[in-house]
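Student: I have a chain and its coordinates open and would like to go through them step by step. Can we do that as questions and answers?

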Amino acid sequence: MAKLTDTHAHIHMPPLSDDIEGVVSRAFNNGVERILTVGVNPEDSKEALKTALMFPNVYAAAGIHPEDWESFSEEACGELFRTASHKKVIAVGEIGLDFYRDYAPAPVQEKVFRRMLEMSRELKKPVIIHNREASSRCLAVLEEELGRGRSAGGIFHCFSGGDDIIKWALDNNFYISYAGQLTYKSAGTIRETLKLVPADRMFVETDSPYLAPVPLRGKTNEPANVAYTAAFAAKELGVETEELALRLEKNFDDLFGRML
Ligand SMILES: [Zn+2]
């Protein structure tokens, strides 16, 4: 069985947190060696860390998602910084811009995003980027905040396309992570990007409890299911799942190795 890492899940949130032991043991029994559980606001990031502290191979990320912009304040950032400083918190995320939904006006989202990128610089930890219909602004902000060689790298999570994102990622020590949508019939444009992303810059994730891959689409997703997405990507690329999985595991070690 191929060994994999689920590079983006929310196992500290309901409904997954209600059966946390079951979720983690099903993942480990299915070859998922490591799970990165990702926070979306300061309180939630604390929960992510608590869950990470329960299991040796579960790590946390701490950040403010654009949807959670209302949780942003300097006081909240102080609290988030303390959480993010913990050694089991290996990334700042998820953070970014989302112009698809009516979360907050673009300048408000951008202010939060910039503050989070500043935090990642202070902590020298990689970032996990949520970008939805905001690619050009997102890249402009990243360029300004992380440019000039100061970046610890990062991941564009739940990648939904954009050649500009891929190009920037390859130039800037960033990785592209595919979630379960890759397996959806309607996701032809996402699948087409697979051939543009070298295997040494690729990840797979579940974004669970959301986005269950085929054949489980519509069900509650969990980290064990990342194997379906990896197998699907391998088939599309014409390589063995085992071979791709080995490469993806090395990618995780390359990006986060000093913190694992
Ligand atoms: Zn997420």
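Tutor: What follows is a set of questions and answers on a predicted model.

Student: Over how many bridges do β6 and β7 pair?
Tutor: β6 covers residues 154–156 and β7 covers residues 174–178. Glycine 154 stands opposite phenylalanine 174, and isoleucine 155 has tyrosine 175 as its bridge partner. The pairing of β6 and β7 is parallel, and the number of bridges is 3.

Student: Is β7 largely enclosed or left open by the rest of the structure?
Tutor: Phe174, Ile176 and Tyr178 point one way from β7, while Tyr175 and Ser177 point the other way. Residues on both sides are buried. The count of buried residues is 5 of 5, so β7 is largely enclosed.

Student: What covers the buried residues of α1?
Tutor: Helix α1 spans residues 20–29, and its buried residues are Ile20, Gly22, Val23, Val24 and Ala27. After α1 comes glycine 31, with a positive phi near 90°. The cover over the buried residues of α1 includes β2 (32–38), α2 (42–54) and β3 (58–62).

Student: Which residues are the protein donors of the zinc ion?
Tutor: The donor atoms lie 2.2 to 2.4 Å from the zinc ion. In sequence the donor residues are spaced H-x1-H-x83-E-x112-D. Histidine 8 and histidine 10 are buried. The donors are His8 (NE2), His10 (NE2), Glu94 (OE) and Asp207 (OD).

Student: What is the arrangement of the 4 donor atoms around the zinc ion?
Tutor: To count as tetrahedral, four donors need all angles between 85 and 135 degrees. Here the angles run from 84 to 177°. The arrangement is therefore irregular.

Student: How is the pair of phenylalanine 156 and phenylalanine 174 classed?
Tutor: By the ring-pair rule the count is 7 aromatic pairs. In this one the ring centres are 5.4 Å apart and the planes stand at 45°, so the pair is tilted. The pair links distant parts of the chain, with phenylalanine 156 in β6 and phenylalanine 174 in β7, 18 residues apart. To repeat the class asked for, the pair is tilted.

Student: Are phenylalanine 156 and phenylalanine 174 buried or exposed?
Tutor: A residue is buried under 20% relative accessible area. Phenylalanine 156 has 2% relative accessibility and so counts as buried. Phenylalanine 174, at 0%, counts as buried.

Student: What separates phenylalanine 252 and phenylalanine 256 in helix α9?
Tutor: Phenylalanine 252 and phenylalanine 256 form a tilted aromatic pair, 4.7 Å centre to centre with 50° between the planes. Because they are 4 residues apart in α9 (residues 241–256), the separation is about one helical turn.

Student: Is lysine 219 buried or exposed?
Tutor: Lysine 219 sits in the loop between β8 (202–204) and α8 (226–237). Leaving out residues up to four places away in sequence, lysine 219 touches Pro209 and Ala212. Its relative accessibility is 55%, so lysine 219 counts as exposed.

Student: Is alanine 76 buried or exposed?
Tutor: Alanine 76 lies in helix α3 (residues 74–85). Apart from neighbours within four places in sequence, alanine 76 is in contact with Pro42 and Ser71. With a relative accessible area of 11%, alanine 76 is buried.

Conventions
Residues are numbered from 1 along each chain as its sequence is written. This is a predicted model: local features need pLDDT of at least 70, side-chain atom pairs count only at pLDDT 80 or more; totals for chains, interfaces and linings use all residues. Side-chain values use heavy atoms; hydrogens and water are left out. Helices (H or I, at least four residues) and strands (E, at least two) are DSSP runs, numbered from the N terminus. Buried means under 20% relative accessible area, exposed over 50%, partly exposed in between (1.4 Å probe, protein chains only). Contact means heavy atoms within 4.5 Å. Two strands pair if DSSP finds at least two bridges between them. Donors are N, O and S atoms within 2.8 Å of the metal (3.2 Å for Na, K and Ca); water is not among the atoms, so sites may look incomplete. Four donors count as tetrahedral if all angles lie between 85 and 135 degrees; four count as square planar and six as octahedral if opposite donors are over 155 degrees apart and all others between 65 and 115; anything else is irregular. Rings of Phe, Tyr and Trp (its six-membered ring) pair if their centres lie within 6.5 Å; planes under 30 degrees apart count as stacked, over 60 as edge-to-face and the rest as tilted.
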